[in-house]
Amino acid sequence: MSVAHRPSDEALAAFATGQLDEGLALVVATHLEVDAESRRRLRDLQSVQGALLDASAPVAMQVRASDLLAGDVLTHGIGEPLPAAAAPEAGLPRVLRPYALGPWRPIGIRIAMRRVEVPGAEARVFLLRAGPGVALPHHKHSGLEWTTILSGAYEHEYGRYAAGDFDEADAEHVHTPRVDAVEGCICIAAVTGHVLFQGWLGRLLQPLVRL
């Protein structure tokens, strides 16, 4: 796997400090699972943050360190236990195991979507599967759209994205993804705000996709 596109420094730093919405963080974690270079950058960022923490003035903790070590509050939210890990599903990243997945739902010709339930997340997270040669509707965003490619590839105005790549779009981006003509594509994406489809076909799809 040859990765050409990685998260920005800003996105990775926010991930390292736990400041990301969990839906966006899940897409970053999916990329980190397969890309050693991004994991190295993450470790570097964590080392810098650790040094800064060592140099800062001490403050009182909200929980006891002994409880943290015992795993009593290593949770999504304090007091809320992590969900039990589900049985692994073939072909899916390991980081998805704690999350409930909906069924594949067709949203167009040779395009299907599968919801990933991330409780408490602002971002809507989903798996998208598109057949070879499919052109997704021209669209822009009112928020963020972060994507990690799981298999196959697509390309748009900003480059070609293949397995392992991370695609980071915001309100400045307007694009028309076109799926690889041979391999098709499966990806995981997290979206904040709204996807604003352009043109008559996109507007027809909007109620079906509900993004």
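**Notebook: a walk through the predicted model**

I began at the start of helix 2, where D21 caps the N-terminal end: one of its side-chain oxygens lies 2.8 Å from the backbone nitrogen of G23. A reminder to myself: this is a predicted model.

**Entry 1: helix 2**

I stayed with helix 2 and checked its length. At 1.5 Å a residue, its 13 residues should span 18 Å, and I found the end C-alpha atoms 19 Å apart, which agrees.

Next I asked how many residues of helix 2 are buried. The count is 10 of the 13, so the helix is largely enclosed by the rest of the structure. I noted them down: G23, L24, A25, L26, V27, V28, A29, T30, H31 and L32.

Setting aside neighbours within four places in sequence, V28 is in contact with L12, F15, L20, W146 and F166.

**Entry 2: helix 1**

L12 sent me back to helix 1, which covers residues 9-16. Here I found A11, L12, A14 and A16 buried. After helix 1 comes G18, and its phi is positive, near 70°.

**Entry 3: the nonpolar cores**

I then looked up the largest nonpolar core and found 24 residues in it. Those with the most contacts inside this core are L26, V28, V116, V118, V125, W146 and I188. Which elements give two or more residues to it? I listed helix 1, helix 2 (22-34), strand 4 (124-130) and strand 11 (185-191). Helix 2 makes the largest contribution to this core, with six residues.

There is also a second, separate core of 18 residues, and F126, L128, L136 and V195 are among its members.

**Entry 4: strand 4 and its partners**

Strand 4 was my next stop. I found it mostly covered, with five of its seven residues buried. Strand 3 (residues 111-117) runs antiparallel to strand 4, and six bridges join the two. Within this pairing, I saw that R115 has F126 of strand 4 as its bridge partner. The hairpin of strands 3 and 4 has six residues between the strands, and G120 takes a positive phi near 85° there.

Strand 4 also pairs with strand 11, again in the antiparallel sense, over seven bridges. I marked R129 as standing opposite I186 in strand 11.

In what order do the three strands of the open sheet stand? I wrote down 9-5-12, with antiparallel pairing. Strand 9 (174-175) and strand 12 (195-197) are at the edges with a single partner strand each, so one side of each is left without a neighbour in the sheet.

I followed strand 5 (residues 139-141) to strand 9 and counted two bridges between them. K140 is the residue that stands opposite V174 in strand 9.

**Entry 5: H141**

H141 belongs to strand 5. Is H141 buried or exposed? I read 4% relative accessibility, so H141 counts as buried.

Its side chain makes a polar contact of 3.2 Å with the side chain of E145. Another polar contact, also listed at 3.2 Å, joins the side chains of H141 and H175. Leaving out neighbours within four places in sequence, I found H141 in contact with A169, D170, A171, H173, H175, H194, V195 and L196. I also checked H141 against E172: they are 31 residues apart in sequence, and their C-alpha atoms are 7.8 Å apart in space.

**Entry 6: H173**

H173 has 18% relative accessibility; the cut-off for buried is under 20%, so H173 counts as buried.

The side chain of H173 makes a polar contact with the side chain of D170, at 2.9 Å. With neighbours within four places in sequence left aside, H173 is in contact with H139, K140, H141, Y158 and E168.

**Entry 7: the whole chain**

The protein chain holds five helices and 12 strands. Of its 211 residues, 39% are buried. I put its accessible surface at about 11,700 Å², with 58% of that belonging to carbon and sulfur atoms. Among contacts with a separation of 6 or more, 63% are between residues 24 or more positions apart.

Terms used
Residues numbered from 1 in each chain as written. Predicted model: local features only at pLDDT ≥ 70, side-chain atom pairs only at ≥ 80, totals over all residues. Heavy atoms only, no water. Pairing = 2+ DSSP bridges. Helix = DSSP H or I, 4+ residues; strand = E, 2+ residues; numbered from the N terminus. Buried < 20%, exposed > 50% of the residue type's maximum accessible area, 1.4 Å probe, protein only. Contact = heavy atoms within 4.5 Å. Areas by Shrake-Rupley, 256 points an atom, 1.4 Å probe, with all protein chains shown as cover. Polar contact = N/O pair within 3.5 Å; in protein donor to acceptor, adjacent residues only side chain to side chain. Core = buried A, V, L, I, M, F, W, Y, C linked by side-chain atoms within 4.5 Å. Expected span 1.5 Å × (residues − 1).
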